[in-house]
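Here is a short briefing for a reader who is new to this structure. Look at the sequence and the fold before reading on.

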Amino acid sequence: QEWLFASLFFPLADSRGFCAMIEGLYGKKAAALYTQAGDYQKTARFYYKKAEDTYYQANNWAAYDDWRRARDQWDYFYSRNR
């Protein structure tokens, strides 16, 4: 839980120097846990962005389908009533 507190104040980009500091203060196990937490955070961020992209792509296709359906409906009624 200490790595969670520390990750709020130190970005993971500086994790090497921070891990050395953690190792000096708390030992190698804490530094390894912090490194592991950083890896989990990168993986979670990757899958979050992938899921978000999938959601927006699905939303875009649904909006396009709605537009196409409305266009076809307008074309049908327009061509019948000319």
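The points below cover the fold, the surface, the salt bridges, the aromatic pairs and the confidence.

This is a predicted model. The protein has three helices and zero strands. Of its 82 residues, 11% count as buried. The mean pLDDT is 78.

**Fold**

- From the N terminus on, the order of elements is α-α-α.
- Helix 1 covers residues 2-9.
- Helix 2 covers residues 15-26, and Tyr26 belongs to it.
- Helix 3 covers residues 28-80, which makes 53 residues.
- Does the span of helix 3 agree or disagree with its residue count? At 1.5 Å a residue, helix 3 should span 78 Å. Its end C-alpha atoms are 78 Å apart, so the two values agree.

**Buried residues and surface**

- Which residues of helix 3 are buried? Ala30, Ala31, Tyr34, Ala37 and Gly38 are buried there.
- Buried here means a relative accessible area under 20%.
- The accessible surface of the protein is about 7500 Å². Carbon and sulfur atoms account for 57% of that surface.
- Met21, Leu25 and Tyr26 make up a nonpolar patch on the surface. Together these three residues have about 340 Å² of accessible area.

**Salt bridges**

- How many salt bridges are there? The count comes to three.
- Asp65 and Arg68 are joined by a salt bridge, with 3.2 Å from N to O. Both residues lie in helix 3, three residues apart, which is about one turn of the helix.
- Asp65 has 29% relative accessibility, so it counts as partly exposed. Arg68 is also partly exposed, because its relative accessible area is 35%.
- Asp66 and Arg69 form a salt bridge at 2.8 Å, N to O. These two residues sit three residues apart in helix 3, so about one helical turn separates them.
- Is Arg69 buried or exposed? Arg69 has 52% relative accessibility, so it counts as exposed. The cut-off for exposed is over 50%.
- Asp66, its partner in the salt bridge, is partly exposed, with a relative accessible area of 45%.
- Arg71 forms a salt bridge with Asp72. Their closest N and O atoms are 3.5 Å apart.
- Arg71 counts as partly exposed at 38% relative accessibility. Asp72 is partly exposed too, with a relative accessible area of 42%.

**Aromatic pairs**

- How many aromatic pairs does a search of the whole structure find? The search finds six.
- One of them joins Tyr55 and Tyr56. Their ring centres are 5.2 Å apart and their planes are at 70°, so this pair is edge-to-face. Planes over 60 degrees apart count as edge-to-face.
- Tyr55 is exposed, because its relative accessible area is 52%. Tyr56 counts as partly exposed, at 45% relative accessibility.
- Trp61 and Tyr64 also form an edge-to-face pair. Here the rings are 5.9 Å apart, centre to centre, with 85° between the planes.
- Trp61 and Tyr64 both lie in helix 3. They are three residues apart, about one turn of the helix.
- Trp61 is exposed, with a relative accessible area of 57%. Tyr64 is partly exposed, with a relative accessible area of 35%.
- Trp61 and Tyr64 belong to one aromatic cluster together with Trp67.

**Confidence**

- In the protein, 76% of the residues reach a pLDDT of 70 or more.
- Which element has the lowest mean pLDDT, and which the highest? Helix 1 has the lowest, at 52. Helix 3 has the highest, at 88.
- Helix 3 is also the element that holds the pair Asp65 and Arg68, the pair Asp66 and Arg69, and the pair Trp61 and Tyr64.

Note on methods:
Residues numbered from 1 in each chain as written. Predicted model: local features only at pLDDT ≥ 70, side-chain atom pairs only at ≥ 80, totals over all residues. Heavy atoms only, no water. Helix = DSSP H or I, 4+ residues; strand = E, 2+ residues; numbered from the N terminus. Buried < 20%, exposed > 50% of the residue type's maximum accessible area, 1.4 Å probe, protein only. Areas by Shrake-Rupley, 256 points an atom, 1.4 Å probe, with all protein chains shown as cover. Patch = residues over 30% accessible without salt bridge, like charges linked within 9 Å, V, L, I, M, F, W, Y side chains within 5 Å. Salt bridge = Lys/Arg side-chain N within 4 Å of Asp/Glu carboxyl O. Expected span 1.5 Å × (residues − 1). Phe/Tyr/Trp six-rings, centres within 6.5 Å; stacked < 30°, edge-to-face > 60°. pLDDT = per-residue confidence, 0-100.
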